[in-house]
Amino acid sequence: MPREHRPARSVRVLLAEDQGMMRGALALLLGMEPDIEVVAQVAAGDRIVEAALTSRPDVALLDIELPGRSGLDAAADLREEVPDCRVLILTTFGRPGYLRRAMEAGAVGFLVKDGPVEDLAKTIRRVLAGETVIDPALAAAALGAGPSPLTARERDALNAAADGATAADIAARLSLSESTVRNYLSSAIGKTGTRNRAEAVRAARDQGWL
């Protein structure tokens, strides 16, 4: 909507989405709302905080799987660096583990992408008003699934192993000894009920633990 037809104080939104077509469509549709203005768009997670510090959004709309840094990690960064910004996670992957991690990171909303844009606009307004908004089906699934059994270090080791890195590579990356890395990976394999690190990575991702 042209700026002259907007309210004096629009809701300022930062949009983080790596798929250009999706990002453009969301920006266009949200921009048609009379009280919403997309003030920043980024395609990578490691650009979110910088863009937020520059544009000072009221609400940050973040995808989870972003290059550079995940939306969940960026949400925690925003809580520290731009505490007045409300974080809303919008993702294709409605996994219970993602919801728990999002809430721990300070997000106040979690929606999946298959809903209508009208609902998204309403949710933006609701979280700005101080509400917490979570997809009902996902909330029920998260309550039934329980918390992640993985420790932070086990998650780090699995994440580092996802690209096929050796124990020595992972040890160097995490500043740990090789034996410690092997212990973390072995523990993660046991907790996920899998046979090897590749299966453990897949299982943990399916649950939203990574």
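The legends below describe close-up views of one predicted model. Residues are numbered from 1 along each chain as its sequence is written, and side-chain values use heavy atoms, with hydrogens and water left out. Because the model is predicted, local features need pLDDT of at least 70 and side-chain atom pairs count only at pLDDT 80 or more, whereas totals for chains, interfaces and linings use all residues.

**View 1. The buried face of helix 7.**
Helix 7 spans residues 152-161, and its buried residues are E154, A157, L158, A160 and A161. Buried means under 20% relative accessible area, exposed over 50%, and partly exposed in between (1.4 Å probe, protein chains only). Helices (H or I, at least four residues) and strands (E, at least two) are DSSP runs, numbered from the N terminus. Down the axis of helix 7, the buried residues fall within an arc of 165°, so they line one face of the helix. The arc is that of the directions from the helix axis to the C-beta atoms. An α-helix has 3.6 residues a turn, so residues three or four places apart point the same way. The buried residues of helix 7 pack against helix 8 (167-174), helix 9 (178-192) and helix 10 (197-207). Contact here means heavy atoms within 4.5 Å.

**View 2. A188 in helix 9.**
A188 is found in helix 9 and counts as buried, at 0% relative accessibility. Not counting residues up to four places away in sequence, A188 touches L150, E154, L158 and A200. Of these, E154 and L158 are among the buried residues of helix 7. A188 lies 108 residues from E80 in sequence, and the two are 29 Å apart in space, C-alpha to C-alpha.

**View 3. T194 in the loop between helix 9 and helix 10.**
T194 is placed in the loop between these two helices. At 18% relative accessibility, T194 counts as buried. A polar contact of 2.8 Å joins the side chains of T194 and T192. Such a contact is a pair of N or O atoms within 3.5 Å; within protein, one must be able to donate a hydrogen and the other to accept it, and residues adjacent in sequence count only if both atoms are side-chain atoms. Leaving aside neighbours within four places in sequence, T194 is in contact with I189, E199, A200 and A203.

**View 4. The largest pocket.**
This pocket holds about 530 Å³ of space. Of its 20 lining residues, S70, D73, R101, N159 and L210 are the closest to the centre. On a 1 Å grid over the protein atoms alone, a pocket is an open set of points with protein on both sides within 12 Å along at least five of seven lines, a cavity is a set of points where a 1.4 Å probe fits but cannot get out, and lining residues have an atom within 4 Å of a point. Grid points are joined across faces, edges and corners, and a volume is the space filled by probe spheres set on the points. Helix 3 (71-81), helix 4 (96-104) and helix 7 each supply at least two lining residues; the largest share, 4 residues, comes from helix 7. The lining divides into 9 nonpolar, 3 polar and 8 charged residues. Ala, Val, Leu, Ile, Met, Phe, Trp, Tyr, Cys and Pro count as nonpolar, Asp, Glu, Lys and Arg as charged, and the others, Gly among them, as polar.

**View 5. The second largest pocket.**
About 310 Å³ of space lies in this pocket. It is lined by 21 residues, with L111, V112, G115, P116 and L120 nearest its centre. Two or more lining residues come from each of helix 1 (20-31), strand 5 (109-112), helix 5 (117-128) and strand 6 (133-134). Helix 5 gives the largest share, 6 residues. By class, the lining has 13 nonpolar, 2 polar and 6 charged residues.

**View 6. The cavity.**
The structure holds 1 cavity of 30 Å³ or more. The largest cavity contains about 30 Å³ of space and is lined by L15, A16, E17, L26, L61, L62, D63, L90 and K113. Strand 1 (11-16) and strand 3 (59-62) are the elements that give two or more residues to this lining. The lining has 6 nonpolar, no polar and 3 charged residues.

**View 7. Two loop residues with positive phi.**
R56 has a positive phi of about 50° although it is not a glycine. R56 is found in the loop between helix 2 (48-55) and strand 3, and at 48% relative accessibility it counts as partly exposed. Phi of S175, also a residue other than glycine, is positive, near 60°. S175 is placed in the loop between helix 8 and helix 9 and counts as exposed, at 67% relative accessibility. Most residues other than glycine have a negative phi.
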